Amino acid sequence: MYGLQRVNCEALPKQINYLLDEADTIGQDGKSSHGPNSVVSMIHHYFATHGLGEKEVFVHADNCSGQNKNRTVCAYFAWRVIMGYHEKITYSFMLTGHTRCLVDGCFGLIKQRFRKSDCYSLSQLADVVNSSAICNEAQLASGSTLMWREWDKFFSQFFRPVKGIRELHHLTFSAASPGVVSVKKTVDGAEQDMQILSVPAATVRLAGLPPVLPPAGLSSARQAYLYSSVRPHVPLEYQDVICPAPSATRESESAENDL
């Protein structure tokens, strides 16, 4: 089974759609694919691979606390400014009930194409994305330079949470004040500075990058389910791609062949 995450650059315009196999996510059986470590890892890969060397960035996101509006993502933007990747990042959240944006429009074009396509593999899904519209581009997580990293624990050493983040809609991180975030509840509201850096900026710069988290793969139960319940409905040429025999079964067959 597969998942899809999106990052849209309105200036190009181009939307990078990250395609994830459930065996290649941080959590087992596709779990944690929407967690802060996954989200920040994809944002980091996006800037490194698809960025334009921009010094000032405006980021818009919905109000989802699990993916976007949380301590780890905010710490990441503060970290990027401290590391010198950007001079200023403005991070804004759309109001509840008004969260439809260009990302959803491009994704809607993918869904239209998907409904009219036979799609049994990740490569076929990538073809669907790339052929859906000129604004869409597929980015396979597996086999790319994307690496999952343990950003949350890494940042907990250096950054405090942004207090009252659920009520805030505009956050600004600037190289002029490393580790300080300027926050506002509304676009024309009063601005308040918060110090979220708990150590000297030099300590953060010397720390490098967080450790890599290897994909957790599929549990034996999930492998058995795909093999017994999904495989019979998949065309023969894709069965070993989508739902091969469980690893325990393959190991047993291999041992028997060795005898």
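The following paragraphs lead the reader through a predicted model of one protein chain, from its overall build to individual residues.

Local features of this predicted model need pLDDT of at least 70 and side-chain atom pairs count only at pLDDT 80 or more, whereas totals for chains, interfaces and linings use all residues. Residues are numbered from 1 along each chain as its sequence is written, and side-chain values use heavy atoms, with hydrogens and water left out.

The protein chain contains 9 helices and 8 strands; helices (H or I, at least four residues) and strands (E, at least two) are DSSP runs, numbered from the N terminus. Its C-alpha trace spans about 70 × 40 × 30 Å along the principal axes. Of the 259 residues, 43% count as buried. Here buried means under 20% relative accessible area, exposed means over 50%, and partly exposed lies in between, with a 1.4 Å probe and protein chains only. A contact requires heavy atoms within 4.5 Å. Among contacts between residues at least 6 apart in sequence, 67% join residues at least 24 apart.

The surface and the charges come next. The protein chain exposes about 13,900 Å², of which carbon and sulfur atoms supply 53%; the areas come from the Shrake-Rupley method with a 1.4 Å probe, and for residues only the protein chains shown count as cover. There are 24 positive and 25 negative side chains, and the centres of the two sets lie 8 Å apart. In this count Lys and Arg are positive and Asp and Glu negative, while His and the chain ends are not counted. Each charge is placed at NZ of Lys, CZ of Arg, CG of Asp or CD of Glu.

A search of the whole structure finds 16 aromatic pairs. Rings of Phe, Tyr and Trp (its six-membered ring) pair if their centres lie within 6.5 Å; planes under 30 degrees apart count as stacked, over 60 as edge-to-face and the rest as tilted. Phe173 is buried, as is Phe77. Ring pairs link these residues into a cluster whose members include Trp79, Tyr85 and Trp151.

Gly53 is found in the loop between α1 (36-50) and β3 (56-61) and is exposed, with a relative accessible area of 61%. Its C-alpha atom is separated by 8.2 Å from that of Tyr85, 32 residues apart along the chain. In the loop between β1 (2-9) and β2 (14-21) lies Pro13, which a cis peptide bond joins to Leu12, with omega about -15°.

The loop between β2 and α1 holds Asp29. Asp29 has a positive phi of about 65° although it is not a glycine, and is partly exposed at a relative accessible area of 23%. Ser32 lies in the loop between β2 and α1. Ser32 likewise is not a glycine, yet has a positive phi of about 70°; its relative accessible area of 44% makes it partly exposed.
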